[in-house]
Amino acid sequence: MHHSCLHFVENWFGRDRKSLQKGGSNGERNIYHEKQVKELCALHALNNLFQDKNAFNKQILDNICHSLSPDNLVNPHKSLLGLGNYDVNVLMAALQLKGYEAMWFDKRKDPSNIDFSKICGLILNIPSEMKFLPLRLNRKHWIAVKEIDGTFYNLDSKLESPVAIGKAPDLVTYLREQIRGKDREIFLVVDQNLDRNSLWKKEPRWNEPPSHNTSSNRVNSTVAVIHLNSEEESRPEISRNIHHENTGTKEHKKS
């Protein structure tokens, strides 16, 4: 009976499965866009970010979940039903396997401070509504934003095709809109060897007139970053329930 229920739920969530595709209806032939299956949005976000359908698969993310909590009967990093819904810990561990880190962006700062030329891309955690029979469930959803051929694209797996955001100034506007929204988090995906201080552009201090002396013009950036990989550092709480993409992602406190 238990297995029958799981089979029914899995079929229900997977019934709207859409094929994976290269490119979209707008002639974006070189863009890999993985569409939503079950609650695998985290998996989709990762593969879309790396533009590689073989970058990760469900088994890899499930193995990460087990390695994070090997002694738990019920794994806290993914859906009990095995549909995905992976949390942020799984996402970070997966990125580390590729030599990257997920850096949480302090929303009190302005996105214009980011040097986008030094990031692999962005992963956002946003609210999402999911319909299940007569119920509407509020979950969290992972999406990837990536620069491809000089243009930033929203590679949300729930979209029919990639949506062009534009150049860096357009991305700044897009991220400002996301920051104003409720329960949204932004993560910068950067190379593990990156000097994090170099990621932020310099900006003049408030109420301080610009100096003509170039040596005194070097002002340290005030952008704050929380490195999620260290358990000793603070970490934003992300909604326990995640949903979407071919690979949902959740964490101890699900994203």
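**View 1. Lys-98 lies over the face of Phe-56, at 5.5 Å from the ring centre.** A charge counts as over a ring if NZ of Lys or CZ of Arg is within 6 Å of the ring centre and within 35 degrees of the ring normal. This is a predicted model: local features need pLDDT of at least 70, side-chain atom pairs count only at pLDDT 80 or more, and totals for chains, interfaces and linings use all residues. Residues are numbered from 1 along each chain as its sequence is written, and side-chain values use heavy atoms, with hydrogens and water left out.

**View 2. Phe-50, Phe-56 and Tyr-100 form one aromatic cluster.** Rings of Phe, Tyr and Trp (its six-membered ring) pair if their centres lie within 6.5 Å; planes under 30 degrees apart are stacked, over 60 edge-to-face, and the rest tilted. By this rule there are five aromatic pairs. Phe-50 and Phe-56 make a tilted pair, because their ring centres are 6.2 Å apart and their planes stand at 50°. Phe-56 is buried, with a relative accessible area of 3%. Buried means under 20% relative accessible area, exposed over 50%, and partly exposed in between (1.4 Å probe, protein chains only).

**View 3. Trp-142 and Phe-187 form a tilted pair.** Their ring centres lie 6.0 Å apart, with planes at 50°. Trp-142 belongs to strand E5 (residues 135-148) and Phe-187 to strand E8 (residues 185-191), so the pair ties together parts 45 residues apart in sequence. Helices (H or I, at least four residues) and strands (E, at least two) are DSSP runs, numbered from the N terminus. Both Trp-142 and Phe-187 are buried.

**View 4. Strand E3 (residues 100-105) pairs with E8.** The sense is antiparallel, over five bridges. Two strands pair if DSSP finds at least two bridges between them. Glu-101 stands opposite Val-190 in E8. Six of the seven residues of E8 are buried, so this strand is largely enclosed by the rest of the structure.

**View 5. The UniProt annotation "active site" (unreviewed entry) covers Cys-41, His-141 and Asp-156.** They are spread over 116 residues of sequence but cluster in space, with a largest C-alpha distance of 9.1 Å. UniProt positions follow the numbering used here, feature names are shortened, and annotations may be inferred rather than shown by experiment. His-141 lies in strand E5. His-141 is buried, at a relative accessible area of 1%.

**View 6. Asp-156 sits in the loop between strand E6 (151-154) and strand E7 (163-166).** Asp-156 is buried, with a relative accessible area of 11%. A polar atom of its side chain lies 2.9 Å from the backbone nitrogen of Lys-158.

Technical notes: Polar contact = N/O pair within 3.5 Å; in protein donor to acceptor, adjacent residues only side chain to side chain.
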